[in-house]
Amino acid sequence: MAGYEYVSPEQLAGFDKYKYSAVDTNPLSLYVMHPFWNTIVKVFPTWLAPNLITFSGFLLVVFNFLLMAYFDPDFYASAPGHKHVPDWVWIVVGILNFIAYTLDGVDGKQARRTNSSTPLGELFDHGLDSWSCVYFVVTVYSIFGRGPSGVSVFVLYLLLWVVLFSFILSHWEKYNTGILFLPWGYDISQCQLIVCQMSSTRCPTLNWLLVPLFLVVLVVNLGVASYVESVLLYTLTAVFTLAHIHYGVRVVKQLSNHFQIYPFSLRKPNSD
């Protein structure tokens, strides 16, 4: 498996004809976030590779996940009678989430700005986004957590599938239409998530703020789960990550060799 080639020669040949096409009709994205990102991207030097921006944002998401896992390993920190997550942690998580969201918005703009857009960049970006679907949801769970005022780990499992299914569905639509119709929920949920995290410094539960984003929780709430379920959750997350690391590294290597580019640099291999 270590040397398995996931992308066939026929598929690699198809990348030469591929062009990215997306439609974004979200007013929040069009009139607020994109103008902001267009300003921010000008700060980055032109020698900075877009994939490096993408990967940096993903590392911040993973760091937030690990930070919350340390301070809230069993998801009881927001429950009454338990030690809450320190206020400074929520501030750090909120700020880093905003930076990660911003980096995810400017990486494509940096690619077009430096004339370095490739199918590898899109695959790398959306591949890491698929991983972030897990880390974001698990991190958000610490806001309302378990206990009498929270929800069960099984509900979190269902929420993970809701988010992953939405992500997969949008890309399945693109596979059939050739156009990626960006869902409104992403930008709205990211902004709401940042508000919830920053506001959790004063009120750790904040269930009422999460109703628009997690309406499904009110429908399928099944009660408080056991500690074993939280351990299982982290185990599944670890297995999910390790399995996709192998796939991601192999595919990135294949496409890098095909397009004769470095994943994290704008230099060409033959220019050394």
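**Helices, a bridge and a patch**

Tutor: Helix H4 (residues 87–113) gives the most to the nonpolar patch, with 4 residues, where a helix is a DSSP run (H or I) of at least four residues, numbered from the N terminus. The model is predicted, so local features need pLDDT of at least 70 and side-chain atom pairs pLDDT 80 or more, while totals for chains, interfaces and linings use all residues. Residues are numbered from 1 along each chain as its sequence is written, and side-chain values use heavy atoms, leaving out hydrogens and water.

Student: What makes the nonpolar surface patch?

Tutor: Phe36, Ile91, Ile95, Phe98, Ile99 and Met198 make this patch of about 460 Å², and Met198 is found in helix H7. Patch residues have over 30% relative accessible area (Shrake-Rupley method, 1.4 Å probe, with only the protein chains shown as cover) and no salt bridge, and nonpolar side chains (Val, Leu, Ile, Met, Phe, Trp, Tyr) are joined within 5 Å, like charges within 9 Å.

Student: Why is the pair Lys174 and Glu122 called a salt bridge?

Tutor: A salt bridge needs a side-chain nitrogen of Lys or Arg within 4 Å of a carboxyl oxygen of Asp or Glu; here the closest N and O atoms are 2.1 Å apart, so the pair qualifies.

Student: Which parts does the pair tie together?

Tutor: Lys174 lies in helix H6 (residues 153–177) and Glu122 in helix H5, so the pair ties together parts that are 52 residues apart in sequence.

Notes:
Helix = DSSP H or I, 4+ residues; strand = E, 2+ residues; numbered from the N terminus.
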